[in-house]
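Me: I would like to go through this structure with you, one topic at a time. Could you begin with the strand pairing?

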Amino acid sequence: VIEIGQPEHSVVTTCAYCGVGCSFKAEMRGEELVRMVPWKDGQANRGHSCVKGRFAYGYSSHKDRILNPMIRDKITDPWREVTWDEAFAHVASEFRRIQYQYGRDSVGGITSSRCTNEETYLVQKLVRAGFRNNNVDTCARVCHSPTGYGLGQAFGTSAGTQNFDSIDQSDVVIIIGANPTDGHPVFASRLKKRLRQGAKLIVIDPRRTDIVRSPHVEASYHLPLKPGTNVAILTSLAHVIVTEGLFNEAFIRERCDWSEFEDWASFVAEPHHSPEAAEKFTGVPADLVRGAARLYATGGNGAIYYGLGVTEHSQGSTTVMAIANLAMVTGNIGRPGVGVNPLRGQNNVQGSCDMGSFPHELPGYRHISDDATRDIFEKLWGVKISNEPGLRIPNMLDAAVDGTFKGLYVQGEDILQSDPDTKHVAAGLAAMECVVVHDLFLNETANYAHVFLPGSSFLEKDGTFTNAERRINRVRKVMSPKNGYADWEVTQKMAQAMGLAWNYNHPCEIMDEIAATTPSFALVSYDYLDKMGSVQWPCNEAHPQGSPIMHVDGFVRGKGKFIRTEYVATDERTGPRFPLLLTTGRILSQYNVGAQTRRTENVVWHSEDRLEIHAHDAEQRGIRDGDWVKLVSRSGDTALRALITDRVAPGVVYTTFHHPDTQANVITTDFSDWATNCPEYKVTAVQVSPSNGP
Ligand code: SF4
């Protein structure tokens with residue numbers, strides 16, 4: 001029995017885990033958090049929550065937290081605690097020295113999808129106004145950057161089209177490359193409720209996830225495609241819709257360019273895009289694909305939800321565009337119950353992208369080459385902004401290895417553990433002269449850092465997160481920062497040390513600046529959020545109540561754009577040495593690389609990553625359930641224990657990546673999305689053999 005004391009007061013704030021963005025009442029006794037209670041008025045969760053948001057906050061007071069800044073001359077030296085003022089002065093002088101010695105473009109910054117919109121905005125501002133280049137990127141690079149590109153091309157803006165309430169009016173739901181039961185549990189509950197009311201489900205996933213078959217819910221179709229063949233299966237779905245005349249001509253004529261549609265339709269109608277022809281790539285029986293296409297096109301309101309199983313591929317952007325094509329050809333866009341919806345992995349992936357974290361975009365997805373947009377920020381910030389896109393994360397690391405990139409500020413992100421090709425990331429970091437890690441814990445990247453700046457948890461700051469439905473939710477400070485400064489204050493102090501005249505007294509003033517410079521946020525302020533509870537952008541003169549559904553009367557880009565999506569096989573090939581395909585995912589009780597959940601006692605019940613393998617493949621290799629196995633790819637190897645299952649087909653293996661010992665990214669390749677460099681985490685050719693353990 002755990003004794004829980006009586007709370008003295010409570011503060012409404014937002015969960016800092018996944019992109020559902022659940023609202024909670026943090027019940028407090030003084031500075032002690034007594035419990036997190038799901039807030040019944042939360043507009044994203046309506047009183048529901050999952051185990052992570054409710055119980056996994058103990059990390060914020062874990063003994064591993066570093067509370068004092070530290071510096072060292074070389075990464076082989078021991079850390080030396082310093083005052084905050086010494087740390088800020090050191091960082092400023094190092095970055096200025098490096099730029100003087102190696103040039104303006106030799107430094108950059110990485111924003112975090114875990115931090116608030118206001119903190120993200122300040123990091124990109126520091127890079128653009130302080131470093132005077134566009135070398136800013138975000139951890140969204142390795143997850144949803146293809147969403148940014150693909151939806152931007154097709155619809156004109158990079159965001160999910162619906163609110164979560166929309167699911168209540170869906171008749172057919174496609175889930176592709178997502179496992180909402182584990183990854184987005186509160187959304188999964190709402191989806192299951194709708195399915196129990198009679199809506200139909202189509203799951204496109206190499207693995208039989210829980211949503212395929214769970215109590216009282218069974219998918220009408222599960223298309224268990226071979227990893228890496230999303231584009232082939234989506235284009236074959238479009239083939240059926242076009243060749244069987246199931247398209248929505250009235251919608252297409254009104255909302256899209258008819259001649260572009262005709263060009264695209266003749267492309268998808270080619271015989272090599274038929275389900276029968278695609279079957280040899282995808283492994284999915286053609287009759288299943290034909291049935292799923294007919295159901296989606298004719299079953300009423302059709303909605304598509306997708307996750308990282310779509311984006312983390314060499315054709316991630318193409319896959320997003322193929323999904324957009326399906327929605328447009330069936331007219332499933334612009335009203336409740338339909339749409340295209342990326343399920344964002346981290347709490348503020350949407351917000352970090354909105355805030356100008358990409359090297360080619362200013363806040364609000366406006367290209368850096370646009371003179372009028374640069375002019376707005378130049379006047380406000382009093383600096384000239386380069387019109388050249390800066391470096392993406394992989395380009396920064398390449399340039400570091402080449403000796404031209406020397407200084408990096410990383411806020412709230414462990415690139416050594418979360419980015420692909422760990423050896424290359426380590427080589428890039430090791431070649432730099434000043435790596436500044438700003439985080440709660442001494443993460444893996446900090447092994448290569450020269451400066452460590454302690455971070456603050458979501459409980460210790462004010463700000464906003466933007467969830468997967470574009471909902472801007474308030475994050476409210478429930479206790480003082482244990483390290484002395486909230487993250488936005490740390491970035492401001494760094495900027496001041498570099499000579500920038502920043503003087504924000506509270507994050508609400510940063511939001512006021514965002515609203516003044518970003519049309520889709522024009523009416524957003526902390527007062528307005530307090531009054532409305534939350535709002536979904538665009539929130540401006542045209543949409544004063546916010547925008548639950550996008551593209552209602554027309555697409556943001558004008559006409560919706562059909563784009564040809566030719567399947568191109570990944571360069572990652574199986575063969576005699578590496579005959580199996582590895583794909584990855586996560587479980588309910590853990591979160592990403594586990595930095596927070598592993599430091600919270602409540603969720604320690606799942607203590608290791610396991611390799612799921614089909615009985616046929618296990619038997620061939622003499623592997624029994626629970627045995628240690630060696631997992632080898634062209635990039636590296638690791639050891640973990642086997643879990644024999646029929647959730648994966650023969651030829652496919654699967655693991656999670658929550659524990660650093662597993663080092664899944666030692667295994668993954670350095671192939672990436674052609675448009676955005678998002679790593680191809682979801683397809684790696686491997687061999688599995690018995691092992692004695694790590
Ligand atoms: Fe937090 Fe996501 Fe769970 Fe909601 S569903 S409580 S946002 S982790």
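Reply: Strands β23 (residues 580-585) and β27 (residues 652-656) run parallel and are joined by 5 bridges. Strands here are DSSP runs of E with at least two residues, helices are runs of H or I with at least four residues, and both are numbered from the N terminus. Two strands pair if DSSP finds at least two bridges between them. Within this pair, Thr-583 stands opposite Tyr-654 in β27.

Me: What kind of model is this, and how are residues numbered?
Reply: This is a predicted model, in which local features need pLDDT of at least 70 and side-chain atom pairs count only at pLDDT 80 or more, while totals for chains, interfaces and linings use all residues. Residues are numbered from 1 along each chain as its sequence is written.

Me: What is the average pLDDT of the chain?
Reply: The chain averages a pLDDT of 92, and 96% of the residues score at least 70; pLDDT is the predictor's confidence in each residue, from 0 to 100. The model scores are ipTM 0.99 and pTM 0.91.

Me: Back to the strands: in what order do the 6 strands of the barrel close?
Reply: The order is β23-β27-β24-β26-β25-β28, with mixed pairing. From one strand to the next, the twist averages 45°. Axes are lines fitted to C-alpha atoms, for helices over the stretch in contact, and angles run from 0 to 180 degrees between N-to-C directions.

Me: Which strands stand at the edges of the open sheet?
Reply: That sheet has 3 strands in the order β1-β2-β3, with antiparallel pairing. β1 (9-14) and β3 stand at the edges with a single partner strand each, so one side of each has no neighbour in the sheet. Neighbouring strands are turned by 30° against each other on average, direction ignored.

Me: How many bridges are there between β2 and β3?
Reply: β2 (residues 23-29) and β3 (residues 32-38) pair in the antiparallel sense over 6 bridges. Lys-25 has Val-37 as its bridge partner in β3. The two strands form a hairpin with 2 residues between them, and Gly-30 in the turn has a positive phi of about 60°.

Me: New topic: which residues are closest to the ligand?
Reply: Of the 14 residues that surround the ligand, the closest are Cys-15, Tyr-17, Cys-22, Cys-50 and Gly-53. A residue counts as near if its C-beta atom, placed from the backbone, lies within 6 Å of the molecule or strand. The elements giving two or more residues to this shell are α1 (51-55) and α6 (185-196).

Me: And how do α7 and α10 cross?
Reply: The axes of α7 (residues 230-243) and α10 (residues 275-282) come within 9 Å and cross at roughly 170°. The two helices are therefore roughly antiparallel; angles under 35 degrees count as roughly parallel, over 145 as roughly antiparallel, 65 to 115 as roughly perpendicular and the rest as oblique.
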